[in-house]
Amino acid sequence: MNLMLPILLAAANVVTTNAVPTNATTRITAGSTYYDRKEGFVLFKGNVAVIDPQYQLHADRAFVYTGATNDLRKIVALGHVAITNETKRAYGARASYYRESGMVVLHSGDGIVAEVRDVTPDGDRVVRGKKIKFWTGTRQVEVVEAEITSPTTGLSDQMKGMFGR
């Protein structure tokens, strides 16, 4: 068993795919908004905040791309991006979400290191990298130039379980 596996699995669940009540709403606020129906995108600019029943997203700017039927296709958030839910935190200079595949990509840049933090009572588990890619609804994670930290609490029990001592 890989000791870093729980950290990587936590990273994959920043944006959850749990069932959301049908009457749930998402609220987006920003300093200004520009909508281009012909090109199929909305630009939110200035202190962007997305408050959703499953997560919160904060960024300097966010582009929301829609299809011809006005369905969400992709979100690109730029500048001081933070994505949070009850126990996970993700940070980066840029984040992209692709609805069809469920893929989220966090990028480092502008002095900001891409990071996913799993907040636990034993201490935070943290994955940092140049680029962190994960898929919602799965436990697949890819990290470029990874740095992984984990609390040592419970490590001896994990080792005993692995080696039978």
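A salt bridge is a side-chain nitrogen of Lys or Arg within 4 Å of a carboxyl oxygen of Asp or Glu. By that criterion the side chains of Glu 142 and Lys 133 form a salt bridge, with an N to O distance of 3.9 Å. Glu 142 is partly exposed, at a relative accessible area of 38%. The structure discussed here is a predicted model.

## Overall architecture

The chain contains two helices and twelve strands. Their order from the N terminus is α-β-β-β-β-β-β-β-β-β-β-β-β-α. Of the 165 residues, 39% count as buried. Among contacts with a separation of 6 or more, 40% involve residues 24 or more positions apart. The chain exposes about 9,900 Å², and carbon and sulfur atoms supply 50% of that area.

## Strand β6 and its partners

The bridge partner of Tyr 97 in β7 is Val 104. The hairpin of β6 and β7 has four residues between the strands, and in it Gly 102 takes a positive phi near 75°.

A further antiparallel pairing links β6 to β8 over four bridges. Here Ala 90 stands opposite Val 116 in β8.

The side chain of Asn 85 approaches two backbone nitrogens: that of Thr 87, which lies 3.1 Å from one of its polar atoms, and that of Lys 88, at 2.9 Å.

Thr 120 is located in the loop between β8 (114-118) and β9 (125-129). Because its relative accessible area is 19%, Thr 120 is buried as well. The side chain of Thr 120 reaches the backbone oxygen of Gly 123 at 2.3 Å. Thr 120 and Lys 88 are separated by 32 residues in sequence, and their C-alpha atoms are 9.1 Å apart in space.

## Nonpolar cores

The largest nonpolar core has 23 residues. Those with the most contacts inside it are Leu 57, Val 81, Ile 83, Leu 106, Val 116, Ile 132 and Phe 134. At least two residues of this core come from each of β3 (41-51), β4 (56-66), β5, β6, β7, β8 and β10 (131-135). Another core, of five residues, lies apart from it and includes Leu 43, Phe 63, Val 76 and Leu 78.

## Arg 117 and the charged contacts

Arg 117 lies in strand β8. Leaving aside neighbours within four places in sequence, Arg 117 is in contact with Thr 87, Lys 88, Arg 89, Asp 124, Arg 125, Val 126 and Arg 128. The side chain of Arg 117 makes a polar contact of 3.1 Å with the side chain of Asp 124. Arg 117 also meets Glu 115 in a salt bridge, and both of these residues are buried.

Seven salt bridges are found in the whole structure.

| Glu 115 | Arg 117 | 3.1 Å |

Salt bridges that share partners join Glu 115, Arg 117, Asp 124, Arg 128 and Glu 147 into one network.

Asp 118 counts as buried because its relative accessibility is 8%, under the 20% cut-off. Arg 125 has a relative accessible area of 22% and is therefore partly exposed, since this value falls between the limits of 20% and 50%.

Conventions: Residues are numbered from 1 along each chain as its sequence is written. This is a predicted model: local features need pLDDT of at least 70, side-chain atom pairs count only at pLDDT 80 or more; totals for chains, interfaces and linings use all residues. Side-chain values use heavy atoms; hydrogens and water are left out. A polar contact is a pair of N or O atoms within 3.5 Å; within protein, one must be able to donate a hydrogen and the other to accept it, and residues adjacent in sequence count only if both atoms are side-chain atoms. Buried means under 20% relative accessible area, exposed over 50%, partly exposed in between (1.4 Å probe, protein chains only). Two strands pair if DSSP finds at least two bridges between them. A nonpolar core is a set of buried Ala, Val, Leu, Ile, Met, Phe, Trp, Tyr and Cys residues joined through side-chain atoms within 4.5 Å. Contact means heavy atoms within 4.5 Å. Accessible areas come from the Shrake-Rupley method with a 1.4 Å probe; for residues, only the protein chains shown count as cover.
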